[in-house]
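Below is a walk through one protein model and its two ligands, from the overall layout down to single residues. Please keep the sequence and the coordinates open while reading.

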Amino acid sequence: MAKVTLKVYRGDKEKGEFKTYEVPIEDGMVILDAIHYIQANIDNDIAVRWNCKAAKCGSCSAEVNGKPSLMCKTRLDRFAKDEVITVQPLKTFPLIKDLVTDVSWNYEVNKHITPLTSKDEGEWVIYQEDIERVQEFRKCIECFLCQDVCHVLRDHDKHANFAGPRFLVRTAGLEMHPKDTASRTKYLKEEGGIGYCNITKCCTEVCPEEIHITDNAIIPLKERVVDDFYDPIAKFLKGLFKK
Ligand code: SF4
Ligand code: SF4
Ligand code: FES
């Protein structure tokens with residue numbers, strides 16, 4: 001039976017190392033299947049977080065050959081026949097054990113974003129084209145792969161100053177919602193730190209939901225911040241036509 005060689009990170013925040021495993025391959029296997037094989041047959045204490053195995057719960061995020069990926073969406077037949085595949089935890093968040101990281105920082109960031117705010121009571125009537133613009137942002141499964149790849153968090157450790165692409169997506173979904181009346185540009189400029197983003201598009205490249213994070217969320221938000229804080233005419237006109 002054909003086998004694949006995986007080097008899987010084993011350890012906690014104190015110390016760890018890559019351990020090599022040989023796993024028999026079956027058709028259609030994904031990285032998560034291989035980790036489950038290891039758990040069932042070789043090292044049953046390997047820690048891995050997962051839930052749906054359908055690329056929808058966002059739990060099984062890891063780095064596969066250095067790329068932030070969902071383990072349940074990464075097929076083994078994508079790799080060359082004799083390629084050794086490395087599987088390691090997300091780098092941007094504190095390690096708990098093996099492939100499991102503590103992503104709770106993200107939920108704290110989320111609490112600081114003003115929720116949907118509307119003066120309209122009762123049933124909402126919304127034109128389809130107005131709601132379509134924000135539907136893309138609702139596809140987010142909070143896998144935090146975009147947060148992991150973003151160099152502002154990953155390499156510069158700006159967790160205290162930058163919300164990260166996932167929360168710029170959430171803010172865009174609120175700001176562009178046809179019934180929302182709140183302004184989040186002050187948050188974006190200050191606490192959200194949108195100025196740190198230099199549109200490298202790495203976040204868009206890893207998003208499993210194929211959300212156009214930079215083009216459809218971050219760039220329009222940056223334009224709103226410029227209008228509100230650096231362009232007095234745009235700010236005046238926006239005041240006249242305020243939602
Ligand atoms: S485009 Fe911005 S948010 Fe996305 S990875 Fe690059 S710097 Fe980070
Ligand atoms: S925007 Fe995409 S990559 Fe980022 S958390 Fe949501 S689904 Fe994951
Ligand atoms: S197990 Fe749910 S996204 Fe992978």
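The domain assignment of the protein chain gives domain 1 (3-101) and domain 2 (104-240); such bounds come from an automatic or database domain assignment. The C-alpha centres of domain 1 and domain 2 lie 31 Å apart. Their contact (heavy atoms within 4.5 Å) takes 16 residues from domain 1 and 18 residues from domain 2.

The model is predicted: local features need pLDDT of at least 70, side-chain atom pairs count only at pLDDT 80 or more, and totals for chains, interfaces and linings use all residues. Residues are numbered from 1 along each chain as its sequence is written, chains are lettered from A and ligands numbered from 1 in the order in which they are written, and side-chain values use heavy atoms, with hydrogens and water left out.

Along the principal axes, the C-alpha atoms of the protein chain fill a box of roughly 70 × 35 × 30 Å. The protein chain has ten helices and seven strands. These are DSSP runs numbered from the N terminus, with helices being H or I of at least four residues and strands being E of at least two. Of the 243 residues, 46% count as buried; buried means under 20% relative accessible area, exposed over 50%, and partly exposed in between, with a 1.4 Å probe and protein chains only. Among contacts between residues at least 6 apart in sequence, 63% join residues at least 24 apart.

Strand β1 (residues 3-11) runs parallel to β5 and is joined to β5 by four bridges, while β3 (residues 61-64) runs antiparallel to β5 with two bridges. Two strands count as paired if DSSP finds at least two bridges between them. Valine 87 in β5 stands opposite valine 8 and also opposite valine 64. Glutamate 63 has glutamine 88 of β5 as its bridge partner.

In β3, Ser61 and Glu63 point one way, Ala62 and Val64 point the other way, and all are buried. β3 also pairs with strand β4 (residues 67-70), in the antiparallel sense and over four bridges; here valine 64 has lysine 67 as its bridge partner. The two strands β3 and β4 form a hairpin with two residues between them, and asparagine 65 in the turn has a positive phi of about 50°.

Which residues touch the most other members of the largest nonpolar core? Of its 65 residues, they are Val8, Ile31, Ile35, Met71 and Val87. Domain 1 and domain 2 both give residues to this core, so it lies between them. A nonpolar core is a set of buried Ala, Val, Leu, Ile, Met, Phe, Trp, Tyr and Cys residues joined through side-chain atoms within 4.5 Å. In soluble globular proteins, nonpolar side chains tend to be buried together. Leaving aside neighbours within four places in sequence, valine 8 is in contact with Glu17, Phe18, Lys19, Tyr21, Ile35, Ile38, Ile46, Val87 and Leu99.

Alanine 55 sits in the loop between α1 (31-41) and β3 and has a positive phi of about 60° although it is not a glycine. Alanine 55 is buried, because its relative accessible area is 12%. Glutamate 210, in the loop between α8 (202-206) and α9 (213-230), has a positive phi of about 55°, again without being a glycine. Is glutamate 210 buried or exposed? At 61% relative accessibility, glutamate 210 counts as exposed.

Proline 178 lies in the loop between α6 (165-175) and α7 (185-189). Its relative accessibility is 29%, so proline 178 counts as partly exposed. Proline 178 and valine 125 are 53 residues apart in sequence, and their C-alpha atoms are 9.9 Å apart in space. Not counting residues up to four places away in sequence, proline 178 touches Ile126, Asp130 and Ile131.

The ligands remain. Residues around ligand 1 (a heavy atom within 4 Å) include Cys150, His151, Cys197 and Cys203. By class, this shell has seven nonpolar, four polar and one charged residues. Around ligand 2 are, among others, Cys140, Cys143, Cys146 and Cys207, and the shell of ligand 2 divides into nine nonpolar, no polar and two charged residues. Ala, Val, Leu, Ile, Met, Phe, Trp, Tyr, Cys and Pro count as nonpolar, Asp, Glu, Lys and Arg as charged, and the others, Gly among them, as polar.
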